[in-house]
Amino acid sequence: MTAPDRTEVLVFGFPQTGVPFEGGLVGALERAESGGAIRVIEVLFAGRDAESGELSVLSLEGGAGELAAALADFRLDRDRRREETARALEGDTEEDYGAALEAGEAVVAVRVEHTWARALGDAVGRSGGHSLGDRTRGGDVASLRLHALDAARRARVG
């Protein structure tokens, strides 16, 4: 018995704190992934500059190890930030983000696969057992962007 892929979307909001992103989040993802418990599938960052209100969006797929360099370039290179934002906004409009983020705010969403669940399911199957049910979601998690913006809107209202 092979357990189905189990994915989860984690969304984190950053209200107007002025705290710079300096790699702590990426480092935590790399450590979690290197331990083998999770696999990072996709990451979305969306934020508005506190002074100008300029929107920056970065959407990446792949493991946490690939994120460090991409995020550093994004954070430090204004032209790269604008290019990545334009690419990430294809099919969306800046207004989609405007309802969720005010100047100085940011949201980070991470889609992870719980690789531990597959190993556990395999071990149960080899022992003759089977799953009787669980409450985790499989691969049908909706758009990372929708999760991130919805969570940011709810946080502002709630």
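Which residues have the most contacts inside the largest nonpolar core, and how many residues does that core have?

Mentor: Please keep in mind that this is a predicted model. The largest nonpolar core has 16 residues, and those with the most contacts inside it are Leu44, Ala46, Leu55, Val57, Tyr97, Leu101 and Val107. At least two residues of this core come from each of strand E2 (38-48), strand E3 (55-61), E4 and H6, and H6 supplies the largest share, four residues. As a general background, nonpolar side chains tend to be buried together in soluble globular proteins.

A second, separate core of 15 residues includes Val43, Leu67, Val108 and Val110.

Nine of the 11 residues of E2 are buried, so E2 is largely enclosed by the rest of the structure; E3 is mostly covered, with five of its seven residues buried. E2 and E3 pair in the antiparallel sense over seven bridges, and within this pairing Phe45 stands opposite Leu58 in E3, while Glu42 has Glu61 in E3 as its bridge partner. The two strands form a hairpin with six residues between them, and in the turn Gly53 has a positive phi of about 75 degrees. E2 is also joined to E4 by nine bridges, and these two strands run antiparallel; here Ala46 has Val107 in E4 as its bridge partner, and both Ala46 and Val107 are among the core residues listed above as having the most contacts.

Strand E1 (7-14), strand E4 (106-114) and helix H6 (144-157) are the elements that give two or more residues to its lining, and H6 gives the most, with five residues. The pocket is lined by 15 residues, of which Gly13, Phe14, Ala151, Ala152 and Ala155 lie nearest its centre. By class, the lining has 12 nonpolar, one polar and two charged residues.

Definitions and conventions. Residues are numbered from 1 along each chain as its sequence is written. This is a predicted model: local features need pLDDT of at least 70, side-chain atom pairs count only at pLDDT 80 or more; totals for chains, interfaces and linings use all residues. Side-chain values use heavy atoms; hydrogens and water are left out. On a 1 Å grid over the protein atoms alone, a cavity is a set of points where a 1.4 Å probe fits but cannot get out, and a pocket is an open set with protein on both sides within 12 Å along at least five of seven lines; lining residues have an atom within 4 Å of a point. Ala, Val, Leu, Ile, Met, Phe, Trp, Tyr, Cys and Pro count as nonpolar, Asp, Glu, Lys and Arg as charged, and the others, Gly among them, as polar. A nonpolar core is a set of buried Ala, Val, Leu, Ile, Met, Phe, Trp, Tyr and Cys residues joined through side-chain atoms within 4.5 Å. Buried means under 20% relative accessible area, exposed over 50%, partly exposed in between (1.4 Å probe, protein chains only). Two strands pair if DSSP finds at least two bridges between them.
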